[in-house]
Structure formats: structure tokens, C-alpha cells
Amino acid sequence: MKKKSDMSKLFDYAGKFKILTISSWILSVISAELALLPFVYIWKIIKEVLDVSPNFSEAVGLAHNGWMAVLFAILSMLVYIGALLCSHIAAFRVQANIRSRAMHHIVTLPLGFMDSVGSGKIRKTVNECSAATETYLAHQLPDKAGAIATPVGLLILLMIFDWRLGLLSLVPVVIAFLIMSAMTGKKMETKMKEYQNALSDMSNEAVEYVRGIPVVKTFGQSVFSFKRFKASIDNYQKWVISYTKDLRLPMVFYTTMINAVFAVLIAAALFFTADGVTNEFLLNLLFYIIITPIITVTLNKIMYASENKMIVADALERIDSVMNRKPLPEDAHPMHPEDNSVVLENVHFRYPDAKIDALDGISLSIMSGEHIALVGPSGGGKTTLASIVARFFDVNEGAVRVGGVNVKNISKTELMDTVSFVFQDSKLLKESVFENVRMAKPSATRNEVLQALHDAQCDDIIEKLPNGVDTVIGAKGVYLSGGEQQRISIARVMLKNSPILILDEATAFADPDNEVRVQAAFSKLSEGKTLIMIAHRLSTVTGADKIYVIKDGKIADSGTHAELTSKAGLYAEMWTEYNRAAQWKVGVQNA
């Protein structure tokens, strides 16, 4: 299958507005040619002055030629404005369509996609890549069309008046063009991609660093605690300095050449006038000195357009990398879960580009209404295990069953209605508290939302807000703490009332007061539900019906709290260390 060109992709996004893009090129070409005509009238003015010198009173055509030069200059400018109007309307539409299509596609992708790629990188891809196409279509392409048309008209003018000076003035132009072609060739395209990769990595790590600032401040760590963020900055710095040094000499030669036309003309004038100067030669020389700076401007426009073309090509490639991601397949004849049980059968899962399985042969069975906990060392696979139950990813081997039905055979909508997920770092939108909660059930009544907030222990939050549940979060200084945001998120899940509930470190960032309220909310929320709880604070899982200890993608042990602490094993070691840490904290406070 033939690969679509970048311009074809842009036209696809432009839709019916692509005619405006083409119109902007045509108008820009017309404007470029009209912009040359004032120079012809300037030549006529100089010619008339030289012809009548020193009897300047006989120069009767100066005013006419002057006004004609002004007329064509204004006309060229007006046509160019028309070109920009067309190009901007089309460019804004393309940018909007790219963002709209990308976001509509992203919401169809599994939630695991956001975790694996990184929200910072996705945001940069959608926002900055679409913005790059706007600059290119609105400015660079019309300018490039005009810049390509200008040399054609210039070539005609240069040859009409004095072909010798015309050819000589093109020598440095040709050399500059060759240097520019070398700078903006395949090597430059590769370098541009490396630059965008370095910038993208730095942007993504910056977002993750900012999100982690509360943890850094809590534990008194410095910026260097975030090694990946610092490494991304160092990598970007190293790349930029190296690339700048590579382009230093070519850019010096290019700049010298495009500004050398005047020097070439003066040297030629000295050579051709060794036997004397004629009025005709002086007239043509002055004309060339006046008009040749346009060549410099034209070449610069072509160079910047070529550079931006590579930026756009890379931007479209990055957008395609998102658009080419496929949603998880759905069964044409979906089945309905029979109950609220969860069963994993010899499950293997490996993240893309990973060398080892994140889950390695996991098998477990959770009965309807049972409360189980997943504990174990960080990176052992607890969150991954919970994620595949909600089908954030599809397993590589084995099966995940909810209510006796493989999650692949349950419709996405029904699975989302069946399984609710409370993350450790819940996000709220800049909307009212009421709308944030009602997102879980758009058809909910006001009383249902208020009841959910009450059950989630949010009464104290609502009381202190200026407009109660109708207060917009983030507006006019209205902000909530992490624990308060978590309780609002729990209210959302309560309103949804899914029969299977997954809690992923849901109290990790809550202060003691909020943690008590969050735990009370969880107790209310989990009544009669199948509960899967991931926790590092072992005191929160002691009442679980069964605890699974996950290590290196496998189940290291399982049982009740009493069973696991009564025998030597990883859980017993973790419990001992947890209690020792808790006593140390109490000792520090008492001291």
C-alpha cells in the first residue's frame, strides 16, 4: 500500500476547507509576482532621472511611475492578506480536526494506553503536534509558494536588463541553495526527529515530576531524586549543543552567500566599467542592487519552510502513532456476567517492549461478595493484575473471567458498569462538585448525588464550599486537598454502584484525618460488593477474606491475615517490618 504524503494527510483533516489552502497558494503566487512590478517602475524613475540629468524639470513621468509603484505594492499586500485569510481559516480547521479526531480516538483506547505512554507525552503529541500544522499551513506554505514563484519573475527581470549582471548575481544564490539543501536534507530530517523525541521525553518527565512534588516535599528530597527527569534534561542539553555545533559552519557559509550578491555586483561593476561608465550600465547596476535583496528574503523563506515541513512530517507521524493504536476488540455477540465473581486462569501478561512478564502464570478465584487484598513489594504486579480485571489491557495468555464470562466477550460498556476502579491519585475536572460526581451516572437525580456525597463522608467538604455542591473546583481559589479529592471520587464510584470494586492504594496520599473518613467511606462503599484492594499499609487489609502476596508477577503466598502471620513467609516479614516502622513513627512523635 502506497504511503500517503504529508500533504494528503493534511488535506484529509482539512476536508472541504482544503480549497482554501490551495487558494492561499494561488493568491500568494500572484502577490509575489505583483510585488516585483514596483521595482520595474523604480527602474523607470531612475532611467528618466538619468536621461534628463541635469535638467530634472523635464522628468514629467516621475509622479505617474511613483504612484504606479505604490499601487502595485498595495495591491500585492492586499492579495497577500487574502492569501493569509484563506490559509488561516484552513489551518485552524485542520488543527481543530486533528485534536478532535485524536481525542475521540483516545477515549476508545484501553486505559492502560494512558499509563504505558504517559499523560504528558500524549498531551504534548495532541496539543503541540496539531499546533505545528497550524503554523505550517497558515504561514509557511503560502510563503513557500510565493518564495518559489518569486525567482521565476526575478529571473525574467534579471535577464531583461543586463544578462551578465543577472547571471553573476545568481552565482552566490546557487551556492547558498546547495548549502541549504545539504542542511535540510535527510540528515536534518533525522536530527529533527531526534530533537522532537528529546523534547517529548523531557516534557513527559516534567509532568510526572510536577505531579510528584508533594512526595518530594514530604520526604525532603531534591530534584535529583527524579533521576529520569534530570536525565531527560541532560539528554536534551547534550543533543541541542551537539546539533548547534554541527550546523555552525554550514550556517555561516549560507548566511555569507545569501548576503554576497551585493559584493559580487560591485566587483562585476568594477570589471565592466574599466573603460568607462555608461548611463545604461549605471541604471541596470542600481536596479540590481535594489532588487537582489529579495533573493535573500526568498531563500530564507524556502529554508524555514523546508525546516517546518520536517517538523510537520514528524508531528503527523506522532499523531499517526496515536491514531494507529487500535481499541481492544469487542465481541459482536457480547455475553452477560452471571454474577460478581472474578477468576484468573494461568494469566500471562507482558508490557510492550518489556523483557519479562509482568504477570507470570497467575491463577486465582474471587467469589461474589468476597473481599480480597493484593500486597507485596513495589513493582511486583499488583496494579497490573487489577488492571487486567477491568480490561485496561488484554492478557497474552490465559483468561480473565468476570461472572463466569471472559472479559473479552463482555461489552465495554457493561464491563465498565460492572467494575469500578478507585486510583490512588484521583483526578477531578474543573466543574462543580455536583457535575464531577454525576459523571458516573449522567441520569442521576440531585438527591442521588447528594446521598452519594453523604455516604462518601463529604458533608464537611460541602459545608465549607461557598456554593455547596455547585461550587466549581479550581475556580476563584477553590481547591481541595488530596484526601478531599479522593472522597469526592469515592462519591462518584458510590453513585455508579458497580458490583465489583477495585481500590488501588486509594489512601496513599491522605492525611490522618482524611484517611479515617476515606476508610469509613470505603466500608460503606464495599458493602455487598466484590472487593479487590491493593495496599501497602498492611493495617488496612487485616480484615480481608483472603490476602494474595504478589512478587515478581507470581503469587508468592495466600491466605487470611492470621494464616499468613502464623507461618514464616514474605507476608510475615512485611507485617513485622510494617509494625516496626509504625512504632518508629510513634516514637519520633512522642520524642
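User: In this predicted model, are helix 7 and helix 12 roughly parallel or roughly antiparallel to each other?
Analyst: In the predicted model, helix 7 spans residues 163-183 and helix 12 spans residues 279-291. Their axes lie 10 Å apart and the helices pack at an angle of about 25 degrees. Angles under 35 degrees count as roughly parallel, and therefore the relation of helix 7 to helix 12 is roughly parallel.

User: Which residues of helix 12 make the contact with helix 7?
Analyst: Helix 7 passes helix 12 in a right-handed crossing. From helix 7, the contact draws on Trp 163, Arg 164, Leu 165 and Gly 166. The partners in helix 12 are Phe 281, Asn 284, Leu 285 and Tyr 288.

User: How do the residues of the contact of helix 7 with helix 12 divide by class?
Analyst: The contact includes Arg 164 of helix 7 and Asn 284 of helix 12. Sorted by class, its residues are five nonpolar, two polar and one charged.

User: At roughly what angle do the axes of helix 7 and helix 11 cross?
Analyst: Helix 11 covers residues 261-272, and its axis comes within 9 Å of that of helix 7. The crossing of helix 7 with helix 11 is right-handed. The axes cross at roughly 145 degrees.

User: How many residues of the contact of helix 7 with helix 11 are nonpolar?
Analyst: On the helix 7 side, Arg 164, Leu 165, Leu 168, Ser 169, Pro 172 and Val 173 take part. They meet Val 261, Val 264, Leu 265, Ala 268 and Phe 272 of helix 11. One residue of this contact is polar and one is charged, while the number of nonpolar residues is nine.

User: Are helix 3 and helix 12 roughly parallel or roughly antiparallel to each other?
Analyst: Helix 3 comprises residues 37-52, and its axis comes within 10 Å of the axis of helix 12. The two axes cross at roughly 150 degrees, and helix 3 passes helix 12 in a right-handed crossing. Since angles over 145 degrees count as roughly antiparallel, the arrangement of helix 3 and helix 12 is therefore roughly antiparallel.

User: What is the make-up by class of the contact of helix 3 with helix 12?
Analyst: Helix 3 contributes Phe 39, Val 40, Ile 42, Trp 43, Ile 46, Lys 47 and Leu 50 to the contact. Helix 12 contributes residues including Asn 279, Leu 282, Phe 287 and Ile 291. By class, the contact has two polar residues, one charged residue and 12 nonpolar residues.

User: How many disulfides does the count give?
Analyst: Cys 129 is buried at a relative accessible area of 7%, and Cys 458 is buried at 0%. A disulfide requires a pair of cysteine sulfur atoms within 2.5 Å. By this rule the number of disulfides is zero.

User: Is Ser 387 buried or exposed?
Analyst: Ser 387 belongs to helix 14, residues 382-389. Not counting residues up to four places away in sequence, Ser 387 touches Phe 392, Phe 393 and Phe 421. Buried means under 20% relative accessible area, and because the value for Ser 387 is 4%, the residue is buried.

User: Which residue follows helix 1 with a positive phi?
Analyst: Helix 1 runs over residues 6-14, and its buried residues include Lys 9, Leu 10 and Phe 11. The residue that follows helix 1 has a phi near 65 degrees and is Gly 15.

User: What is the relative accessibility of Asn 346?
Analyst: Asn 346 lies in strand 1, residues 342-349. Its phi is positive, near 45 degrees, in a residue other than glycine. Most residues other than glycine have a negative phi. Asn 346 counts as partly exposed, with a relative accessibility of 42%.

User: Where is the place of Asp 552?
Analyst: Asp 552 is not a glycine, yet it has a positive phi of about 55 degrees. Asp 552 counts as exposed at 59% relative accessibility. Its place is in the loop between strand 9 (546-551) and strand 10.

User: What distance separates the C-alpha atoms of Ala 556 and Gly 569?
Analyst: Ala 556 sits in strand 10, residues 554-559, and counts as partly exposed at 46% relative accessibility. Leaving aside neighbours within four places in sequence, Ala 556 is in contact with Val 549 and Lys 551. Gly 569 is 13 residues from Ala 556 along the chain, and the C-alpha atoms of the two are separated by 8.7 Å.

User: What percentage of the residues in the protein is buried?
Analyst: The protein has 22 helices and 10 strands. Of its 591 residues, the buried ones make up 45%.

How values were computed
Residues numbered from 1 in each chain as written. Predicted model: local features only at pLDDT ≥ 70, side-chain atom pairs only at ≥ 80, totals over all residues. Heavy atoms only, no water. Buried < 20%, exposed > 50% of the residue type's maximum accessible area, 1.4 Å probe, protein only. Axes fitted to C-alpha atoms, helices over the stretch in contact; angles between N-to-C directions. Helix = DSSP H or I, 4+ residues; strand = E, 2+ residues; numbered from the N terminus. Parallel < 35°, antiparallel > 145°, perpendicular 65-115°, else oblique. Left-handed = near helix turned anticlockwise from the far one by under 90°. Contact = heavy atoms within 4.5 Å. Nonpolar A, V, L, I, M, F, W, Y, C, P; charged D, E, K, R; others polar.
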